[in-house]
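Let's take a friendly walk through this structure, stopping at a handful of places worth a look. Keep the viewer open as you read.

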Amino acid sequence: MHKYQIEVAGRPLVVEVGQVAKQANGSALVRYGDTVVLVTATASSPREGLDFFPLTVEYEEKQYAIGRIPGGFIKREGRATENATLSARQIDRPIRPLFPKGFKNDLQIVATILSVDKDNSPDITSILGASVALGVSDIPFAGPVAAVIVGLVDGQLIINPTIEQHHDSDLHLVVAGTREAIMMVEGHANEVPENIMLDAIFFAHEEIKRLVAFQEPIYAELSKPKMEVAAVPIDEEMAAAVRAFGQSRLEEAVKNPDKKSREAHMDEARAAILAHFKEVYPEQDKNIASIVDKQMKEIVRHMILEDGDRVDGRKLDEIRPIACEVGFLPRPHGSGLFTRGQTQVLSVVTLGPLRENQLLDGLTIAESKRYIHHYNFPPYSVGETKPMRGPSRRDSGHGALAERALLAVVPSEEEFPYTIRVVSEVLESNGSSSMGSVCGSTMALMHAGVPIKAPVSGIAMGLVKGEDKFAILADIQGIEDALGDMDFKLAGTAKGVTALQMDIKIFGVDREIVSAALAKAKEGRMFIMDKMLEAIDKPNQELSPYAPQMIRMQINPDKIREVIGPGGKIIHKIVAESGAKIDIEDDGSLFIIATDEESGKKARSLIEAILAEVEVGRIYTGTVKRIMDFGAFVEIIPGVLGSSGKEGLVHISQLDEARVNKVEDVVKIGDKIEVKVTEIDRQGRVNLSRKAVLREAKAAGTPAGH
């Protein structure tokens, strides 16, 4: 076994190679504090005829890693949690651009989480583990790569914050990169300004450089001879002929503002080129198609870099036409329709009681969440027919990004005691549907009456990088994403950034490019926000009449049993009588969930009656319940729904101003009399006086009882 160690953020990070999982092409066991992950890289033989790189990344969460037995009947780990899916995507994105272009072997990276110390993230540990596993294998890989988390506590940037620091941090930013450049950025923030975000990214890069340098001796010492990547031979004479014949046809086909029309013209141009060369170069269709695709990419990139033109005729910083609408749906609690060019998203808000929050059964710090954001991308949104089998990894990733973007402005549970679910339905897509989800959801939340702290808008930026120049594109569409070098999504308020995600398709970007992208993104999202605010500029003051009415009460925890009653008898009667639902937490937080205002008020009045306390000095009209030789017991607060009422003793000496020889001379069982509470003794017994009421009435010149 080979063992290497470095200190990261004051904690030891240890890489072990050669002891476990030796039949994989490469493997690494990484220990960061008490977090332990095993990452393996396994490749098959190359597959013929593939036009994509078949890389899959699996992130295996094991419940034993945190000393927990899985829930449910089966008691074993099932399908990947949403967190596992997001973590797998985080590993995939920084390593995918670092494989050679012609590499078509099936490649599987498996990160198995064996032990978790909450202070040390298994996600970033897995990225480093994947880098080492690939580096020591025979798989061609242009690493090393590493990742860190950046926090912002009291204005200070921190590498890999602990749990305690995380709770106080205004930023959670995952940054991955090589020695030369940044490869991926993903995170969320509490309205952090762009200049601080830029500093955070390159603050992280300095630590990444150190972790890359740590891996270089491991690569040098343990790396196996790399697989050869067979280059596909291209007939240069054929390539020149294809390019000459296709240039003008492709240039004409690609310039079209409408996506479907452009794709149809591009398909016609491809078909014409293939037909023209079918007899001249038989059985070369795949190679000719490859030449055409490469030429198409060059044409689009040349238009952008040299001419400043885009395929739909826009300027580089121009946003597509925007249309915003709220209240699109009558029955849901809130809805917003956001259209930007040929991207359209309908976001719908549902409000529910806190008990309907989502329970999390993974290895994350949080055990539940009350703000839930789901994203759906049906095939009809891009004019295709495909099986619909539940959310994809992409759906989960885009939903999580939109959720992080809005989480910073969602009101606290104390301010707004509801579980909030937002669903973003992509109705049409031509680029940046995830940021369209952020915009549509902001409007839907405000329409639903959720008192968000500030509106959030989002935009996707692109990059085309040449040898000596680059161009930043605002509000990229699908073809610019596919043929460009970067997809940079950024969301935020007028004050600062709330979420961002940057995926790089080349060997990284430098500070100049990131700085320019951040500045252009702010201009673009503020333009978009202005359009949103024309449709709705602040949260509605009232909730939808179809939303549950939530009344929050705080009661003494010792009184919970009085509301519930023996075997739940009392609370069931409250629900039956009022029509409202009741939730009670151990700390005495009580929530009344009602379908209308009347049922909510009725439930509250019943609960208040049950919990009513006797007040010393107050005069009550009570009912005589029992008579003893020494006095009468009077119920001053009636019982409700079978609950016990509150009663006290009127001693015989306190029944009248004159001397009373026998209690029955003054009162009988069932009489209504006015009494004053004179004392509640240490044992909780209530002493009452009718005499005090009579004297006060005489002094005021008012007959008792008036």
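In which hand does α8 pass α9? The crossing of these helices is right-handed. Please keep in mind throughout that this is a predicted model.

## How α8 and α9 meet

Two packed helices are described by the angle between their axes and the distance between the axes. Here, helix α8 spans residues 393-407 and helix α9 spans residues 433-448; their axes come within 9 Å and cross at roughly 45°. Angles under 35 degrees count as roughly parallel and 65 to 115 as roughly perpendicular, so α8 is oblique to α9.

On the α8 side, the contact is made by R394, H398, L401, A402, A405 and L406. From α9 come S433, S434, M435, S437, V438, S441, T442 and L445. An α-helix has 3.6 residues a turn, so residues three or four places apart point the same way.

## The lead-in to α9 and a pair of cysteines

The loop between β17 (419-428) and α9 holds S432. This serine has a positive phi of about 60° although it is not a glycine. S432 counts as buried because its relative accessibility is 11%, and buried means under 20%.

What about disulfides: how many does the structure hold? The number is zero. For C324, the nearest cysteine sulfur is that of C439, 7.4 Å away, and C324 is in no disulfide. C439 is likewise in no disulfide, with the sulfur of C324 as its nearest cysteine sulfur at 7.4 Å. A disulfide needs the two sulfur atoms within 2.5 Å.

## M296 inside α7

Helix α7 covers residues 285-307 and includes M296. Is M296 buried or exposed? M296 counts as buried because its relative accessibility is 2%.

Leaving aside residues up to four places away in sequence, M296 touches L250, V254, M266 and L483. R270 is 26 residues from M296 in sequence, and the C-alpha atoms of the two are 10.0 Å apart in space.

## Around α15

Helix α15 runs over residues 690-700, and its buried residues are K691, A692, V693, L694 and A697.

S689 caps the N-terminal end, with a side-chain oxygen 3.4 Å from the backbone nitrogen of K691. Just after the helix, G701 takes a positive phi of about 75°.

The loop between β28 (672-680) and β29 (686-689) contains D681. A polar atom of the D681 side chain lies 2.9 Å from the backbone nitrogen of Q683. With a relative accessible area of 19%, D681 is buried, because the cut-off for buried is under 20%.

## Two backbone details

Where is P144 in the fold? P144 sits in the loop between α2 (122-136) and β7 (146-153). The peptide bond leading from G143 to P144 is cis, with omega near 5°.

E191 is found in strand β10, which covers residues 182-192. Its phi is near 55°, a positive value in a residue other than glycine. E191 is also buried, with a relative accessible area of 14%.

Definitions and conventions:
Residues numbered from 1 in each chain as written. Predicted model: local features only at pLDDT ≥ 70, side-chain atom pairs only at ≥ 80, totals over all residues. Heavy atoms only, no water. Helix = DSSP H or I, 4+ residues; strand = E, 2+ residues; numbered from the N terminus. Buried < 20%, exposed > 50% of the residue type's maximum accessible area, 1.4 Å probe, protein only. Polar contact = N/O pair within 3.5 Å; in protein donor to acceptor, adjacent residues only side chain to side chain. Contact = heavy atoms within 4.5 Å. Axes fitted to C-alpha atoms, helices over the stretch in contact; angles between N-to-C directions. Parallel < 35°, antiparallel > 145°, perpendicular 65-115°, else oblique. Left-handed = near helix turned anticlockwise from the far one by under 90°.
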